[in-house]
Amino acid sequence: MDRVYNFSPGPSMLALPVLEKAQKDLVAYGSTGMSVMEMSHRSKMYTDIYDKTVADVRELMNIPEDYEVIFLQGGATQQFSAVPLNLMVNGKADYIDSGNFAHLAAEEAKRYGEVNVVASSRDDVYTYVPDLAGIKFDDDADYVHITTNNTIYGTRYVELPVTKAPLVADTSSMILSEELDVTKFGVIYAGAQKNIGPSGLCLLIVRKDLLGRAKDICPKLLNWEVQAKAGSMYNTPNTWGIYLAGLTFEWLKSIGGVKAIEKVNIEKAAMLYDFLDNSKLFKPTAQPKYRSRMNVTFVTGDADKDAAFVKAAAAEGLVNLKGHRSVGGMRASIYNAMPVEGVQKLIAFMKKFETENA
Ligand SMILES: *Cc1c(COP(=O)(O)O)cnc(C)c1O
């Protein structure tokens with residue numbers, strides 16, 4: 001069967017070479033005589049895979065030696081709890097509320113300490129990210145939490161705030177899509193199902209001096225120091241998920257790394273926004289200054305037309321274009337694995353739909 005162009009926000013498309021490699025080695029990996037899924041996580045054959053995966057992401061993101069790289073379970077959402085449990089030593093943190101996931105992260109952190117929402121665009125349905133230039137951050141906060149790309153609303157932070165407290169970033173829907181200066185962060189985390197691999201997995205990058213601060217009540221499995229010491233294997237990790245992440249990192253390296261994919265991502269997003277800005281039928285919903293390169297949100301202004309468009313697009317092999325249930329309209333998620341041709345095909349179809357429905 002032919003593959004479709006899948007614009008899903010997550011789980012989302014994986015690069016075809018990744019799937020083909022996994023398929024080829026599914027039953028017997030290399031000369032091991034077994035599937036990666038069947039390997040002991042403590043065996044050399046598996047730890048070789050794990051070590052290479054960590055080394056490749058270190059190389060791709062230029063992660064300095066004073067940062068640990070850990071793979072955890074429970075997706076990004078688990079870290080909404082793990083962040084305060086690991087870092088709230090003084091019992092307070094600043095949160096930037098720029099979208100639904102940012103909001104959920106702040107709400108969860110309230111269980112463990114004082115949460116100060118220093119900026120929010122919630123009242124404006126998150127059509128922009130709050131400007132952080134004039135924001136007064138608490139210098140004594142244990143950390144400042146930011147969501148760098150807002151998956152549901154299609155917005156992103158172009159500039160990072162300068163804070164005295166360590167910056168903790170949920171980068172789930174933009175990690176590896178553009179160059180990031182890791183040294184600006186205390187912690188970077190990302191659920192895997194957008195730009196890394198299958199769901200249920202989370203990549204966490206943490207500056208070493210932030211380890212060892214966990215609250216007593218922090219479950220061992222969520223304790224970053226414990227997991228760092230155990231090489232992400234305090235218990236049995238998601239071995240298959242980590243393997244697929246490794247294949248994605250290999251693929252990304254083979255096409256020129258983050259710098260190269262960033263160029264492609266800028267091109268894909270520009271093509272789509274350019275069409276939307278000039279369309280007589282479709283309107284982009286995020287404010288231009290804060291437009292995401294990964295999640296492009298748009299509407300026709302007529303819910304019936306939106307639904308007709310989503311349905312007609314799917315019939316053309318352009319699937320999962322329906323917007324999040326909380327905002328409606330459409331969203332095209334164009335992560336790293338979405339080829340330029342997918343976006344071109346989408347635009348061509350939108351033009352046709354426009355001519356027939358404007
Ligand atoms: C997808 C997403 C999440 C949730 O990830 P899970 O793996 O489902 O927990 C959190 N934050 C952001 C920014 C996301 O895009």
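**Close-up views of a predicted model**

View 1. Threonine 53 is buried, with a relative accessible area of 3%. This is a predicted model, and the stretch to look at here is helix 2, where threonine 53 lies. Follow the side chain of threonine 53 and you'll find one of its polar atoms 2.8 Å from the backbone oxygen of isoleucine 49. Tyrosine 50 is in helix 2 too, which covers residues 44-61. With a relative accessible area of 7%, tyrosine 50 falls under the 20% cut-off, so tyrosine 50 counts as buried. Look also for methionine 39: its C-alpha is 12 Å from that of tyrosine 50, and the two residues are 11 apart in sequence.

View 2. Which side chain puts an N or O atom 2.6 Å from a nitrogen atom of the ligand? That's aspartate 170. Glutamine 193 also uses its side chain, with an N or O atom 2.9 Å from an oxygen atom of the ligand. Alanine 76 takes part through its backbone instead: an N or O atom there lies 3.2 Å from a ligand oxygen. How much of the ligand does the protein cover? On its own the ligand has 390 Å² of accessible area, and the protein covers 87% of that.

**View 3. Helix 3 is mostly covered.** This helix runs through residues 77-87, and nine of its 11 residues are buried. The buried ones are Gln79, Phe80, Ser81, Ala82, Val83, Pro84, Leu85, Asn86 and Leu87.

**View 4. The largest cavity has a volume of about 60 Å³.** How many cavities of 30 Å³ or more does the structure hold? There are five. The lining of the largest one includes Met13, Leu14 and Ala15, along with Lys194, Asn195, Ile196 and Gly197. Thr248, Trp251, Asn336 and Ala337 line this cavity as well. By class, that lining has six nonpolar, four polar and one charged residues.

**View 5. A cis peptide bond joins glycine 10 and proline 11.** Omega here is about -10°. Proline 11 belongs to the loop between strand 1 (5-6) and helix 1 (16-24).

**View 6. Asparagine 62 and serine 232 each have a positive phi.** Most residues other than glycine have a negative phi. For asparagine 62 the angle is about 55°, and for serine 232 it is near 65°. Asparagine 62 is found in the loop between helix 2 and strand 2 (67-73), while serine 232 is in the loop between helix 5 (224-229) and helix 6 (239-254). Is asparagine 62 buried or exposed? Its relative accessible area is 64%, over the 50% cut-off, so asparagine 62 is exposed. Serine 232, in contrast, is buried, with a relative accessible area of 3%.

How values were computed
Residues numbered from 1 in each chain as written. Predicted model: local features only at pLDDT ≥ 70, side-chain atom pairs only at ≥ 80, totals over all residues. Heavy atoms only, no water. 1 Å grid on protein atoms, 1.4 Å probe; cavity = no way out; pocket = protein on both sides within 12 Å on 5 of 7 lines; lining within 4 Å. Points joined across faces, edges and corners; volume = space filled by probe spheres on them. Nonpolar A, V, L, I, M, F, W, Y, C, P; charged D, E, K, R; others polar. Polar contact = N/O pair within 3.5 Å; in protein donor to acceptor, adjacent residues only side chain to side chain. Areas by Shrake-Rupley, 256 points an atom, 1.4 Å probe, with all protein chains shown as cover. Helix = DSSP H or I, 4+ residues; strand = E, 2+ residues; numbered from the N terminus. Buried < 20%, exposed > 50% of the residue type's maximum accessible area, 1.4 Å probe, protein only.
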